[in-house]
Amino acid sequence: MQLAFLCFLPFLASIFNGFWYLFAKKPWKMAAGVVSTLALFTSFCLASALAFHDVTFSLPWIATGSFELPFVLRLDHLSSIFVLVITGVGTLIHIYATVYMAHDSGIQKFFAYLSLFCGSMLVLVLGGSLPILFCGWEGVGLCSYLLISFWFDDSEKAKAGAKAFIVNRIGDVGFLLGMFVLFQACGSLDIETLTHAQLSPTTVLIACSLLFFACTGKSAQIPLYIWLPDAMAGPTPVSALIHAATMVTSGVYLVTRLHVLFDAAESLHIVMATVGGVTAFVAATIALVQDDIKKVLAYSTVSQLGYLFLACGVGAYEAAVFHVVTHAFFKALLFLAAGSVIHGMDGEQNMWKMGGLKKAMPVTFATFTLGWLAICGIPPFSGFFSKDEILFHTFTSGHTGLWALGLVTACMTAFYMTRLYIVTFLGTKHTHAHESSWGMLAPLCVLACLSALGGIFGHMISHTLAFHAEAESSQLEWILMLVSACIAGLGIALAFFMYDESRQPIRARIQKQYGWLSTALAHAWYVDEAIDLVLLKPLRQIYGFVWRTIDVLCIDGFIMLLASGGRASGDVLRLIQPGFLHISIACMVMGAFFIMGYMVYGQL
Amino acid sequence: MASYSSHLLSLLVFLPAAAAFLGLGARGLGLLRRDVALWYGSLFVTVLTFGLGMMLSPNSEEKYTWIPQLGVSYALSLDGLSVWFVLLTLLVMPIALFASMHAIRDRVAEYCFHMLLLETAVLGSFLAADMFLFYVFWEVMLVPMLFIIGIYGGKERLFASMKFVLFTFVGSACMLVSIMVLVYMHKLQFGVPSSYLPDLLRVHGAIIPSRLLFSAFALAFLIKMPCFPLHTWLPDAHVQAPTAGSVILASLLLKLGGYGLVRIAFPLFPEAAHFFQPLGMALGATAVIYGAWVAIVQTDMKKLVAYSSVSHMGAVVLGLFALNSIAMAGSIAQMISHGFATGGLFLIVGMIYERFHTREIAAFGGLARSMPKMAFFLVLMTFASVALPGTSGFVGEFLILLGAWQTMPVYAGIAALSAIFGAVYMLKWIERILYGQAKSPSLAVDLSHREILILLPFTLGIFWLGLMPGSFFHQLEPSILKMQFFLTTGGYHHG
Amino acid sequence: MVEIQALSIEQLLALRPLAVTIIAVLIIMMLALWQSKWPSLLVALSASAFVVIDSLSGAGTVSVFGLQFDVLSRIVSALTGFAAFVTFLVSFRYLDQKKEQHPEYQILLLLSLAGMQLMNAAADLMLLFIGIELMSLSIYVLVAFARSRRACCEAAIKYFLLGSVASAFFLYGMSFIFGATGSLAFTALAKANGYLGYLGIGLLTVGFLFKMGAPPFQMWVPDVYEGAMVPLTGFMASAVKAASVFAFVRVLTSCTMPDYFWDLIRFAAIAAIFLGNAVALTQTRLKRFFAYSSIAHTGYMLLGILGGSSSAIIVYLVVYSVASLGVFSILTLMSGPDDSLLTSLESAGFGRRHPVLGGLMSLFVLSLSGMPPLAGFFGKYQLFVFLQDRTLVLFAMLASTLGLAAYVRLLINFYMKEPIGVMSRVRTPVGAFFALSLVLGLMLHMSFFPDALIRLISGL
Amino acid sequence: MDVPFYICAGIGIAAAFSVILQRRAVLSVLSLMVVLITCAAMYAMLGAHFLAVLQILVYAGAVMVLFVFVVMLLDPEILPEEVRPQSILERLWIFILTLGVSTIFAMLVWVFAHRYVPYRQMGADNTEKVSLLLFSEHIAAFEATSLILIAAIVGALTLSKRHRKAKG
Amino acid sequence: MVESFAAALFLIGLLGIVLRRTILVMLMSLELMLNAVNLTFVAFGQQQGLLTGQVYVFFTMTIAAAEAAIGLALVIALFRTFRSVDTHAVHGMRE
């Protein structure tokens, strides 16, 4: 029963806040935040209590004839990790958000959406059967839409929200079709039965590729990643919670949850790995030239997710899960730190306008440094261990090309993170900014510790997770660890070299020489414009064309034709009804002659 | 299934009509002078009928011989399938009346008369078990609708009402001819003519040109549905109809098409149903995509919602023609959920029209800021119609697509795309009027308690069907099984 | 020596309705000496009422001289008597308005009623022809009753000339049948085959098609319906049409015709339905509109004849006549000083100005258009249910969509258009009100308890 | 039997054509008289002596006198029909009409000839037998025709009275 | 043979009605047609040895007389309102 309580608590908080927002007269500013945080915190406690036990909870939902679809929640080893991350990081972000959004008028609405998001994320993670997972999947998509376009006065933000939702829906269609293929093959959609069912390789391949397509939509991989950078239009806690820690990892969760099926689909592995690797590389390149802090972090998230799918592609599922956990910690930390910076700079997000915040915001600076070190993969910190695991597994599974790509991306990650670090915090420029209050800084510190120690602690427990026994060749592993550490150091040094104040002329010269490349990167390889040109513009033409021709021209035209035909025949027949007497008599006589002739002729 | 004949059904059907004539007579004699008395009188009657409906057990029956020489019997029957449609009618009618109290100012007596008459006609059609009686109620529906659209509608209301009546009449003319053929075949086979549905079901499949008759029935129901090529009357009727007219049109009249298919066309001609299955599913799939595409370019709110109904009903057609129990249950759920969602949308559009007196999407902006309650209901109804899990839309859509995939994966795949295009046109519309800069903030007064009370039933309906559809499917069970029995064994073997 | 057969009591009783009508005519002629108009109306009303009641109460089949009174002929006589009764009531105030209040109106109407009874009961072609002539002659004069109006005279002369040519053809056909079979009795019609016999029946059909207003010869219908006085048009649309259709049915059922003849009837039916409904769409004047719709309904009856069951046709006849009686009585009340108000322009918004009359008018119009709850639909349904030729039925139904469009246009004109100019408040006189309620009661009874009508027709 | 028949037929046809072709109405009335007389002669030839006399008395006498009255009454006003220039359409119409009439006539003659039955000699006392038959078998029709005459009288009266003051 | 002559008379009467414009001549042609019918009745009666033909002629004659009376009365009434008996003049009602 606690599992149901755990899952439904955020929903209750969301309903409470929603009603409060719509109907209560005088809102007390902080109350909404407190309610949601408390709700999530109790879920966290319940989750930690139930952690790693096999608990299931089911309610009858849809039952028509032979088809049974109960509402099943199942907690097991894998999902408890995710639940802990969601509720843990979620609670921290809730605390941060209560302070961050304190002065916003629609705070109840914000927390209603946030709790709704946490609830649907929990449903997604705990979903016992694919349709329940899908319910969480779409619920999360809805909340990301509502939260991205939270500040809807600016129509740009509203469009970004719509874009996110529609791209997610494209992914969801893939998910639906995958489910139908599986249902047709084995008659049930429960994950347990699916994992044990014997399915023909082709159906498994089709189903898994469709599900993978859905994951690319949700976890922003190559074809459908365009929505994540625009999703930064939402408030920063949203970006932190949804677009860094939880939602974007649901794709990885799905793959790891159905790893038995995905293992069976051999030819899909190489596809997943390459997609992951290429996404990581491309996102990293774009991040190199971004000026907006949140955009840099967004692209770095995309590239880290690329790593995750690379890991899944090569079959290193526990490495992927480990990296998800660590990534949740340091990426949330980085986003929240960026948030406090933006908060401090009163909404200013452009890096070049900041600088030298080291002195102005010491605590934020300290926590950001820890996060920065973790993401670059410097040995003691969590980022190093999880990324190294992935690279190690890619190497051992023989995809040396992808391993090399991964290394280069790691180097670039280190480079652009350091660039961000230097430009915002170091440097001699004294921009005045006020340090955030402790309500925001406390979660930052907690996250900083987690991302620092998380690596070591995680490394140990990941062995317990081992899905399948794996020969330990420590000697090779050490070498690879060393290599990746050096790569990270190289990236950092290069960035320090490039972005020191004195190096301004060199940067100008490079800018002049590779001008076209930097503008291409700035515009994210013109992918958005390309899609708009190739896909959206013709589609808009089609919509208009379809309506005008089929609806207005063909069908209505045809009906008008019929109607006017009826009327015209009426007019014509009316004309042959002359009022003249002699014409009537003539017609009558001719009619009589016709009938007489017909009667005799009929007999011949 | 135990069925006891009770006069409750006839009382239920004819109570509104009696009240209608009573009201008109009273107004004629100068009794109910003030309009308010008429409004609350008719509202009381619809609520009374709702109460009456509650007391019905879902398999009561009533049969008297009406015209023995032609085998016509006055037969009403309520079973698992029609109980939901009847309840939907009983729910929508009071809401429509309550919602139109402010909108309709003059000729109130006629308005109440036609609304109550319409309720009788719709209830009668859902309950009729005799084909002659079904056709009588099916046609009677046209007259009040004609007057409601014609008298209280928008500018080109005359054209729209004429188009609506003629469109449906052509379909029902073909249906009447096939009913006549069936009655005649029954006379040939059993010696005595009868138009009672269970008797007609026993007519031997071989002797009747079942494919021709099925297509005649299907034509009438697909026009009413409305399915893709025959839908052009719907946008005109919706745009010109008053708010209550649109709500009734969307929530009730469209359901008759689907109900007719399930209750009459499929069991009568199972072999023809299987023969026309690919065509039907193709039409359904194209309707889904076509409805969504055309809705994207609409500038008038009501036209947009009308085309979204075309898209939803396309999904229902797809589900029905899939001819398996999952898809059929899904389409019936989708029909009921469409009644809630689109009915709600039309109510909201009506409320917006009452405030701004225009339905052009371009004329609005930033309503969410000044009208949060309306924004909440609008967003909820929109996502219910875009089949978001947790709302009733998902239950219907998911089951339809799941069932349709079993028989024709290609068309189910195409229909699944509706999730994308549905999201596109709905969000485009929501974003245009709710978000962005407010254009005429002075008029934007948020929903009054009265209006919230109007929208509440539909909201509860959406969540009930979305989260706890257990009782819904349980009631539906016997009819779906009966349907499967007819479709698999019925005429199919020797068809 | 040829002895003259003695008449039994039963045969005398069967002649009672005809005798009463003739006596009423004579009485009214005498009453004409006095100046007051009320007695002649009362006598006429009581005579027609007696015809209705007596015909309905008769039983079995009685044949007197050349007349044969059976179930169907009694029903049609009752129908025509009822039509006369309503026409008398409705036209009383109308004639005062037009200052044409002469007793001859009642005399001629009763004479035409007598003619119709002869037609209904005739078992001999010559008697049938005499009945037709009696009816037609009195109707010719009635059409020209308001001599001062040009339209009346024009309509009358057209109707007379065309009518007498048709009667000449009819007579010529009779002579051929006499030539072929040696006798004019209906029983002899079965033997009328060969060139001469079929030619004779062909000529008979020419005469009948004219009288019914079926397509090859329907030129006169619109002009005469519009020219004549409104109550008279009602009488013609209901009673005259009913009697001629019934006579045609009796002739056709008693003779066995080859297939190609039925194609002729099928053509006439299709042409009637399409022409009637299509042209009705374009009409603005109400009387002309209902003329074309009556042509369409003749088409449906012709279809019924193809179906072969004469009782079905009679049911349709009764339903149609009652509805058209209702429509024309309301038109009489509606019509302005010189029937000027009967155009769709002036009568716009009639339903709003006069709710009761408007409501009645919509009921009758809906019944004419075949809307289900009302008797019109039941009439069509039972006519077509047992008709084998399904494509023809489908065509009839689709053509009736055109008809529905025309009727709906009328309803829209009545209810949804703004009334132009001040429309005089129509005072419904007592007589007209009673007639209307009678017609309404009959139609509603037929709508909701149609089996009573069928039982009446088959069981009597 | 043949020679007098052909003579009568010739005269009759000629008179009939003159009825429809005469300019002045008076002359057509007279030619109609001639046609009636030839018909009466035909009756006599066929042995229907009673009818022949009747034809002369009733038809030629009363009805024609009626026509003469009306023609004389209206004659000054009816200008003799001036011959209008025949438009092509009318000429074409007349040609079609004559073509139709002649085909119908040929068809009828063919039909009559097709069943050639010689005339039988009837008994001498024609009048007695006809009147007996009239009052026994066809009494109903006889009475009915009286009704028609009443209707004709009343009708003619209502239509032709010069002025009628409206009662009531 | 008599009936052929009668047929000729009938058709000539028909021609008269269709071609002539004065209504009076039309009435006369009508009389002509009815006479032709009488002749056919008698002829066919003669052929079959039946006297009923002649009885029928009796009735048709009275009907023809009645029609003539009504026709002429109509013509007079028409003349009073239209001042002419020409079919073309009689054209008041336009569609």
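Reply: Happy to walk through it with you. Please keep in mind that this is a predicted model, and that every value below is computed from it.

Let us begin with what chain E is made of. Its secondary structure consists of 3 helices and 0 strands, and reading from the N terminus the order of elements is α-α-α. The radius of gyration of chain E is 16 Å, well over the 12 Å that the globule rule gives for 95 residues, so chain E is more spread out than a compact globule. You can look for that in the C-alpha trace of chain E, which spans about 50 × 25 × 25 Å along its principal axes.

How much of this chain is buried? Buried residues account for 78% of the 95 residues in chain E. As for contacts within the chain, take those with a separation of 6 or more: 46% of them in chain E are between residues 24 or more positions apart.

Some pairs of chains do not meet. Chain B and chain E have no contact, and their closest C-alpha atoms lie 25 Å apart. Chain B does not touch chain D either, with 34 Å between their nearest C-alpha atoms.

For another interface, turn to chains A and C. Here 23 residues of chain A are in contact with 28 residues of chain C. On the chain A side, helix H24 (527-575) and helix H25 (581-603) each supply at least two residues, and H25(A) provides the largest share, 14 residues. By class, this side of chain A divides into 11 nonpolar, 9 polar and 3 charged residues.

While you are in chain A, have a look at a pair of strands. Strand E1 (residues 55-64) and strand E2 (residues 67-75) of chain A pair in the antiparallel sense over 8 bridges. To find your place in the pairing, look for A:Val55, which stands opposite A:Leu75 in E2(A). The hairpin of these two strands has 2 residues between them, and A:Gly65 in this hairpin takes a positive phi near 55°.

Helix H3 (residues 80-103) and helix H4 (residues 108-127) of chain B have axes 9 Å apart and pack at an angle of about 170°. Angles over 145 degrees count as roughly antiparallel, and H3(B) and H4(B) are therefore roughly antiparallel to each other. Where they meet, the residues from H3(B) include B:Phe85, B:Val86 and B:Met93, and those from H4(B) include B:Met115, B:Glu119 and B:Phe126. This contact has 10 nonpolar, 2 polar and 1 charged residues.

Finally, chain B has some backbone details in its loops. A cis peptide bond joins B:Met225 and B:Pro226, with omega about -15°. B:Pro226 sits in the loop between helix H9 (210-224) and helix H10 (233-240) of chain B.

Two other residues have a positive phi although neither is a glycine: B:Leu323, at about 60°, and B:His357, at about 55°. B:Leu323 is in the loop between helix H14 (301-321) and helix H15 (325-356) of chain B, while B:His357 lies in the loop between H15 and helix H16 (367-370) of chain B. Is each one buried or exposed? B:Leu323 is buried, because it has 23 other C-beta atoms within 10 Å and 20 or more are enough for that. B:His357 counts as exposed, because it has 9 C-beta neighbours inside 10 Å and the limit is 12 or fewer.

Key: Residues numbered from 1 in each chain as written. Chains lettered and ligands numbered in written order. Predicted model: local features only at pLDDT ≥ 70, side-chain atom pairs only at ≥ 80, totals over all residues. Helix = DSSP H or I, 4+ residues; strand = E, 2+ residues; numbered from the N terminus. Rg over C-alpha atoms; globule rule 2.2 N^0.38 Å. Contact = placed C-beta atoms within 7 Å. Nonpolar A, V, L, I, M, F, W, Y, C, P; charged D, E, K, R; others polar. Pairing = 2+ DSSP bridges. Axes fitted to C-alpha atoms, helices over the stretch in contact; angles between N-to-C directions. Parallel < 35°, antiparallel > 145°, perpendicular 65-115°, else oblique.
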